[in-house]
Amino acid sequence: MAYSPALFSHNIRFTTNHHSNPNPNSKLYNLNTRRSLTLSALGTETIDSTTLAVIGGSSVAAIAAAISLSDPEKRRQLQAEEVGGGDKEVVRDYFTNDGFQRWKKIYGDTDDVNKVQLDIRIGHAKTVESVMKMLTDEGSLKGVSVCDAGCGTGLLSIPLAKEGAVVSASDISSSMVSEAQKNAKEGLQGKDDVQMPKFEVSDLESLNGKYDTVVCLDVLIHYPQSKADGMIAHLASLAENRLILSFAPKTFYYDLLKRIGELFPGPSKATRAYLHSEADIERALQKVGWKIRKRGLTTTQFYFSRIVEAVRA
């Protein structure tokens, strides 16, 4: 599914009350006025200064304190036990049930979204636009077979079909696939020269067939690098000419924000998120005889996604 790599489910505020600072030269101090550092917002969570302090010029100490007070790994284990499996089962359950309503709203056109949700919507739309440009720069898509692996609500499948591509789209979530089918019927209705995408419920591991192009947007966030290597190899085996991937890039800044977001998942129990370095993705492609030809990056305030187009070496 097209899952946005915005890694937060809630608004996390580290706040401090009025306190004197006995050591003004120390990096670790309490601010003398009540201030808050907002990291993201889909809800609201506040941790008072009785628990956390804020570092001058950064928030590293506050982050360390927060991490010491929470056990995200234990929460993930309990979450997996609830659905009877590991990461894949958690993802399937989340995007079929609680998470589906959230992401349906984000990926839709309703005005009932907050600032962060709107920002994620804009970011993902920019990623789709960039991918469409990569594809159409090489010529017409008419008659070109494309596998949209992790199609979400059909935001890529539909414009691909409008360009004449023969689209096979899949998602691990039956709810997402149903929504994609509905959106495709509405968006492609009356276009006699357009072939309706073929949608199916499937995880990436079960995909088969051969396609001119395979596209997998914002799905690798659900795979640790050890499993991502195998998944990239599998997707590459389905592609004849092009493989396009997008993923949340692993940098110090994004990794730090991801760890914070994991501490405060909110009631909807967001799935585990994995970041990937571009070097690791490139190595995984090289192992199976592919090379990166084009690169792109989409960033908004709360959304960040690296895009690579690979071809056979």
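The model is predicted, so to speak of local features a pLDDT of at least 70 is needed, side-chain atom pairs count only at pLDDT 80 or more, and totals for chains, interfaces and linings use all residues. Residues are numbered from 1 along each chain as its sequence is written, and side-chain values use heavy atoms, with hydrogens and water left out.

**Stop 1: the sheet.** Select the open sheet of seven strands, ordered E8-E7-E6-E9-E10-E12-E11 with mixed pairing. Helices (H or I, at least four residues) and strands (E, at least two) are DSSP runs numbered from the N terminus; two strands pair if DSSP finds at least two bridges between them. At the edges you will find E8 (198-201) and E11 (290-299), each pairing on one side only. From one strand to the next, the twist averages 15 degrees.

**Stop 2: E6 and E7.** Now pick residues 145-149 (E6) and 166-171 (E7), which pair in the parallel sense over five bridges. Cys147 stands opposite Ser168 in E7.

**Stop 3: a helix on the sheet.** Colour H10 (residues 278-287), which lies across E10, E11 and E12 and runs at about 155 degrees to E11. Axes are lines fitted to C-alpha atoms, for helices over the stretch in contact, and angles run from 0 to 180 degrees between N-to-C directions.

**Stop 4: H4 and H5.** Finally, select H4 (residues 98-107) and H5 (residues 115-136), whose axes come within 8 Å and cross at roughly 65 degrees. Their contact (heavy atoms within 4.5 Å) includes Trp103 and Ile106 of H4 and Ile120 and His124 of H5.
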